[in-house]
Amino acid sequence: MSRLRVAVVGAGWAGLAAAVAATQDGHAVTLLEAARTPGGRARALPVTLPDGETALLDNGQHILVGAYLETLALMETVGVDPDASLLRLPLVLRDAHGDGLALPAWPAPWDALAGILGARGWSWAERWSLLRAAAGWQRAGFRCDPGLSVAGLTRDVSPRVRESMIDPLCVAALNTPADRASGEVFLRVLRDALFGRGHRGWGGSNLLLPRQDLGSVFPHEACAWLAAHGAGLRIGRRVQSLRPAAAGWDVDGEPFDAVVLATPAAEAARLVEDSGAAAAPWLAAARSLAFEAIATVYVIGGPKLPLPMLALRTGPDAPAQFVFDRGQLGGPPGLLAFVASASAREKEALQAQVLAQAAALGWSVQPLQTIVEKRATFACVPGLRRPPQAIAPGLWACGDYVEGPYPATLEGAVRSGLGAARRLGR
Ligand SMILES: Cc1cc2nc3c(=O)[nH]c(=O)nc-3n(C[C@H](O)[C@H](O)[C@H](O)COP(=O)(O)OP(=O)(O)OC[C@H]3O[C@@H](n4cnc5c(N)ncnc54)[C@H](O)[C@@H]3O)c2cc1C
């Protein structure tokens with residue numbers, strides 16, 4: 001295969017992965033990004049603290065897990081040491097009272113087994129209901145009817161275990177509430193996280209909490225790597241148009257042999273439709289996706305938490321499922337990040353409810369910044385048909401929404417980007 005001129009449109013984690021892999025394969029890559037910083041939905045965001053200092057926070061609080069094999073390997077490729085930039089903890093789903101699940105640092109599946117047997121606040125019958133269900137999932141090869149929801153899949157698990165483990169895990173991984181979330185995708189995540197191998201022999205379920213802003217965890221280093229390896233970087237340059245050309249595609253009038261669209265689904269659909277490409281099924285699939293929001297409420301003045309991440313009790317007026325102590329993650333002391341996944345509330349109402357959640361725990365905190373990403377991820381519903389990677393000859397899509405085994409996550413985005421680069425050939 002000869003060296004192709006490749007345009008990658010979008011420098012989120014998918015586009016960056018595609019650009020790095022295509023450059024490694026010897027192609028002449030130009031990366032075009034509309035925003036002034038790379039990273040897309042997982043990027044750094046400067047925020048002014050009450051003392052006037054600027055802190056780099058994130059567009060949304062993120063968690064990675066040990067099973068993110070491709071993401072962690074790619075971080076190493078571009079020169080990031082995951083051990084230095086991420087705090088690794090065995091999976092803990094404990095609330096502020098210490099109830100819930102905590103896995104010991106043992107190999108899988110013994111860590112999960114010991115964690116379930118030792119879970120605080122669960123009766124033996126409740127633990128047994130989960131073990132029985134998990135044994136059934138394992139016997140079935142972690143597969144189920146594609147039409148089944150997570151609530152349907154776990155109907156025989158005790159309500160307390162569903163509330164304190166299944167529901168938070170489901171919303172954290174799929175960003176879709178259990179009654180609407182795909183049981184099939186949930187099982188795949190459980191298989192890889194609880195029973196799979198992690199990076200460098202880590203547990204697949206290990207939580208990896210960024211101790212730097214997300215920009216430094218991958219996007220900035222990826223751009224530096226690309227520049228050093230001869231790729232063209234055009235950051236702050238929104239692509240307006242795509243046109244079929246005699247041998248390839250024109251991107252805003254500039255000729256390329258192949259194009260990888262790494263923008264969110266709606267923008268990829270706009271560019272594809274305007275180009276006149278014969279891609280009606282792809283467009284229909286891209287436009288059929290529904291989306292879920294995620295809100296991150298940053299507050300200051302919080303206490304040092306017993307763990308860097310705690311699960312929270314949720315309810316109609318208590319939207320945040322998790323709180324992170326950024327003071328233990330490289331940030332200033334007292335900075336907490338509350339995360340409300342799959343929340344449909346408006347910003348002001350949500351912030352007020354989260355502050356009330358904090359007050360109910362006895363924490364008197366000041367709001368710093370609330371970020372609501374209305375289209376944070378696609379809704380990962382049962383039987384979902386996602387658009388494929390191939391759009392038209394020489395035109396590929398990548399991104400967390402593209403067909404693949406994972407829900408909308410960093411690992412899903414990175415795998416999709418690597419997949420697009422592989423399609424270019426070497
Ligand atoms: C608040 C929040 C919390 C999350 N938490 C987690 C988590 O804990 N763990 C996890 O694994 N995942 C999490 N996710 C999901 C994760 O962030 C996404 O799956 C991932 O970042 C998607 O990457 P992407 O490259 O597919 O898309 P994007 O990040 O959306 O990147 C697309 C890029 O294309 C650019 N672009 C758009 N139009 C154009 C154009 N015309 N020309 C040039 N560039 C263009 C955009 O500016 C953007 O940079 C979270 C997401 C959000 C929003």
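**Notebook: ligand shell and nonpolar cores**

I first looked up the side chain of E33 and found one of its N or O atoms 2.6 Å from an oxygen atom of the ligand, a polar contact (a pair of N or O atoms within 3.5 Å). The model is predicted, so local features need pLDDT of at least 70 and side-chain atom pairs pLDDT 80 or more, while totals for chains, interfaces and linings use all residues. Residues are numbered from 1 along each chain as its sequence is written, and side-chain values use heavy atoms, without hydrogens and water.

I then noted E267, where a side-chain N or O atom lies 2.7 Å from a nitrogen atom of the ligand. At W13, a backbone N or O atom is 3.2 Å from a ligand oxygen atom. On its own the ligand has 1000 Å² of accessible area (Shrake-Rupley method, 1.4 Å probe), and the protein covers 93% of that.

I listed the shell next: 33 residues surround the ligand, each with a heavy atom within 4 Å of it. The closest are E33, I63, Y68, E267 and D400. By class, I recorded 16 nonpolar, ten polar and seven charged residues.

I turned to the largest nonpolar core, which has 83 residues; a core joins buried residues (under 20% relative accessible area, 1.4 Å probe, protein chains only) of the kinds Ala, Val, Leu, Ile, Met, Phe, Trp, Tyr and Cys through side-chain atoms within 4.5 Å. V259, L261 and W282 touch the most other members. Another core, of 46 residues, lies apart from it and includes A42 and L74.

Note on methods. Buried < 20%, exposed > 50% of the residue type's maximum accessible area, 1.4 Å probe, protein only. Polar contact = N/O pair within 3.5 Å; in protein donor to acceptor, adjacent residues only side chain to side chain. Nonpolar A, V, L, I, M, F, W, Y, C, P; charged D, E, K, R; others polar.
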